[in-house]
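Notebook open, structure on the screen.

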Protein chains: 2
Amino acid sequence: MWQIYQFPLCPFSRKIRLLMGEKGIAYDLVREDPWTPSEMFPNLNAAGTTPVVVNEEKKLVLADSRAIGEYFEETVDNSPMINGTAANRAEIRRLVALFDENFYHDVTGPLLMERMKKRIVYKQPPNSTVLRDAMKNAHGHLDYMDWLIDNRPWLAGSTMSLADLAAAAQISVADYLGGIDWKGHEQTRGWYSVFKSRPSFRPLLSERMDVIKPPAHYALVDG
Amino acid sequence: MWQIYQFPLCPFSRKIRLLMGEKGIAYDLVREDPWTPSEMFPNLNAAGTTPVVVNEEKKLVLADSRAIGEYFEETVDNSPMINGTAANRAEIRRLVALFDENFYHDVTGPLLMERMKKRIVYKQPPNSTVLRDAMKNAHGHLDYMDWLIDNRPWLAGSTMSLADLAAAAQISVADYLGGIDWKGHEQTRGWYSVFKSRPSFRPLLSERMDVIKPPAHYALVDG
């Protein structure tokens, strides 16, 4: 059995949970908050990041969400998520990096700092300027997604791919933290609404992170 | 013919140049400074990062250094650099991420800000506290590399891999900027010295970045 070390609002763990859900790979969750790591966690991942995926029977410890994604893509054939020609696969991976790095840096990361870590770890109020900038940055990223969806059925091309899962993971965390204003983004909103109804997504949407409450629309398919 | 959009001290471009060098793929360099992007650069890469790799004959534009690495690994068979079992490949990719993300965040990124961008872009002196912290962080990463090399012939296992290229790329930039103190790191120093003598590495070591001079030992194989 696979175990995922994660916390409920980790967007990189959500990407891997969506991937494992789509591929039908069962897993148990182990709660791990990187800001107060358990004693053994640094031995599992020198980088100190979640998710870490462990399989005791296979004696495997996998770290780094992109390395984990490639591993499941290589070892589990059903529901391929890094698919097509080498150029198609490069486009999928480019977009995964864009969401993992740029969207996270511009939107999800600042929201997690202001609305989660400051509340739970530092006992401080959020900085409203940082929150406003993160929401403004989100509009820029959603504009780019609207443009992609105007031109392709899915973000990276003709089929659902890891790029869609990476984007949905980041957006779901940003939306939980009240950072997404959907006005003017009908294309991406439609794409996300389809996503929210998938069986792989339902368990994530029903989870809550400690004292932090999501907005009313968060878990609604047409929200 | 391939073109690489890059600047001489971009560690991610260096990783791709080392990979293309090892695989024997010819390329031309196009200078691109992400802090003053050329007019067309945002059209090549929405993320705004170097390297971008272009092939006009193939009508291909590839962005994100890990996506580019996977592309060349999939399309050029010689000198495999993401090799072995799925678990071996996951270990290679975990280490590539550790150098691309953690080493860059802790060491190369701060050094580039203080010793390159502040000099060239902002016309400010470096912050000595940040420099000291980056050099201290470098010791921590080199300790981890010493430990890996004590246990394996190459960083990720029994053969040279993209993990070694990613590490050498980051270290070469940090070393150019005077951020590496080799004392107490004989294992990693020996590994790096072997690397510096490789034909793929020589062109990088002979380049200079504008007004910034590297230390005397920088380009010496036993330096």
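How many bridges join strand E3 (residues 52-55) of chain B to E4(B), and do they run parallel or antiparallel? I found four bridges, and the two strands run antiparallel.

Before going on, I noted the ground rules. This is a predicted model, where local features need pLDDT of at least 70 and side-chain atom pairs count only at pLDDT 80 or more, while totals for chains, interfaces and linings use all residues. Residues are numbered from 1 along each chain as its sequence is written, chains are lettered from A and ligands numbered from 1 in the order in which they are written, and side-chain values use heavy atoms, with hydrogens and water left out.

**Entry: the sheet.** I reminded myself that strands of a sheet pair through backbone hydrogen bonds, either parallel or antiparallel. Here two strands pair if DSSP finds at least two bridges between them. Strands (E, at least two residues) and helices (H or I, at least four) are DSSP runs, numbered from the N terminus. In chain B I read the order E2-E1-E3-E4, an open sheet of four strands with mixed pairing. Strand E2 (27-31) and E4 of chain B are the edges, each pairing on one side only. On average, neighbouring strands are turned by 20 degrees against each other, direction ignored. I also looked up Val52(B), and its opposite in E4(B) is Ala63(B).

**Entry: helices on the sheet.** Contact means heavy atoms within 4.5 Å. Axes are lines fitted to C-alpha atoms (for helices over the stretch in contact), and angles run from 0 to 180 degrees between N-to-C directions. Helix H1 (residues 11-23) of chain B lies across strand E1 (2-6), E2 and E3 of chain B, at about 155 degrees to E1(B). Helix H3 (residues 65-75) of chain B touches E1, E3 and E4 of chain B, and makes about 125 degrees with E4(B).

**Entry: the cavity.** On a 1 Å grid over the protein atoms alone, a cavity is a set of points where a 1.4 Å probe fits but cannot get out, and a pocket is an open set with protein on both sides within 12 Å along at least five of seven lines; lining residues have an atom within 4 Å of a point. Grid points are joined across faces, edges and corners, and a volume is the space filled by probe spheres set on the points. I counted one cavity of 30 Å³ or more. The largest cavity has about 190 Å³. Among its 18 lining residues, Arg66(A), Glu70(A), Arg66(B), Glu70(B) and Arg93(B) are the closest to the centre.
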